[in-house]
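Please look over the sequence and the fold below.

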Amino acid sequence: MDLGLSGRVYLVTGASSGVGLATAAALLREGASVAACARDGERLRHALDRLPRTGGAQAHVGACDVVDGAAVADFTAAAHARLGRLDGVVNNAGRSLMAPVADTTEEQWREEFELKIFSVLNTVRAAGPYLRASDAPAVVNVNAILARQPEPRLGATSAARAALLNLTKTLSADLAPIRVNSVALGLIDTGQWRRRYEAAADGRGYAEWSARIAADRGIALGRFGRAEEIAYPIIALLSPHASYVTGATLDVGGGVARYV
């Protein structure tokens with residue numbers, strides 16, 4: 001199926017690895033151009049240079065800290081000047097802070113909300129005028145199932161994710177006709193989990209270790225997700241074919257969610 005993305009332009013944050021990089025790769029394969037940013041611009045440039053592209057798809061790459069509103073505005077303006085348009089945004093910057101609430105400092109709480117909430121506000125403010133010129137403008141916020149299903153030792157992250165769920169719904173009304181949706185992720189095989197495995201150092205191979213965690217967490221499909229399995233739901237929500245979908249959150253967690 002042609003998703004109708006060819007010739008369009010999308011901004012992807014946190015694009016140097018994991019879900020962000022997989023999303024940029026999927027867009028380029030579909031013939032869309034990508035404005036990709038991350039804090040480590042050199043790592044990002046090296047990663048995107050290796051990605052195949054369809055048709056005239058281009059990549060505009062730059063270092064940008066998404067919690068810095070001025071930097072986001074400058075990057076977005078430069079991307080628009082080079083690529084000529086902007087049809088959508090994927091807000092992907094994020095991480096998980098593992099710590100009991102009692103051990104989480106006020107600074108860490110603020111950092112979580114800066115990254116999960118203010119980064120999104122910065123991009124939609126910067127991109128808004130350009131998106132309104134598109135015939136199919138869309139925003140997708142990459143969220144987590146933690147927004148509705150919080151876990152111990154993830155209090156700050158869960159709270160910030162819940163706030164992003166609420167913000168997504170609010171933006172879908174305030175920014176209309178720009179469509180605003182989100183995907184809620186479960187356990188995805190990214191660098192964060194690889195680092196946790198290395199820190200555990202319990203003698204098991206990564207496949208066995210991750211399968212045990214998947215079983216303990218009750219993931220119906222019995223494994224972690226792959227970044228590319230998240231990328232395609234994201235670009236499906238960006239697609240003009242999803243033109244009547246807004247304010248929605250799509251669970252992409254392999255069946256780990258317990259809420260209805």
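## Main core

This is a predicted model. Its largest nonpolar core holds 39 residues. Within this core, L5, L27, L48, L185, I234 and L238 have the most contacts. Two or more residues each come from helices α1, α2 (41-49) and α8 (227-238). Strands β1 (9-12), β2 (33-38), β3 (59-63), β5 (138-144) and β6 (179-185) also supply at least two residues each. Helix α1 gives the most, with eight residues.

L5 has a set of contacts beyond its neighbours within four places in sequence. Among them are L27, A32, I235 and L238. Y10, E30 and P240 are also on the list.

## Second core

A separate core has 28 residues. C37, C64, V66 and V180 are included in it.

## A24 in helix α1

A24 sits in helix α1, which spans residues 18-29. A24 counts as buried because its relative accessibility is 0%, and the cut-off for buried is under 20%. A59 lies 35 residues from A24 in sequence. Their C-alpha atoms are 8.9 Å apart in space.

## Largest pocket

The largest pocket contains about 1300 Å³ of space. Its lining has 45 residues. G94, R95, S96, T190 and Q192 lie nearest the pocket centre. By type, the lining divides into 19 nonpolar, 14 polar and 12 charged residues.

Helix α6 (191-200) is one of the elements that supply at least two lining residues each. The others are α1, β2, α4 (106-131), β5 and α5 (155-174). The largest share, five residues, comes from α6.

Notes:
Residues numbered from 1 in each chain as written. Predicted model: local features only at pLDDT ≥ 70, side-chain atom pairs only at ≥ 80, totals over all residues. Heavy atoms only, no water. Helix = DSSP H or I, 4+ residues; strand = E, 2+ residues; numbered from the N terminus. Buried < 20%, exposed > 50% of the residue type's maximum accessible area, 1.4 Å probe, protein only. Core = buried A, V, L, I, M, F, W, Y, C linked by side-chain atoms within 4.5 Å. Contact = heavy atoms within 4.5 Å. 1 Å grid on protein atoms, 1.4 Å probe; cavity = no way out; pocket = protein on both sides within 12 Å on 5 of 7 lines; lining within 4 Å. Points joined across faces, edges and corners; volume = space filled by probe spheres on them. Nonpolar A, V, L, I, M, F, W, Y, C, P; charged D, E, K, R; others polar.
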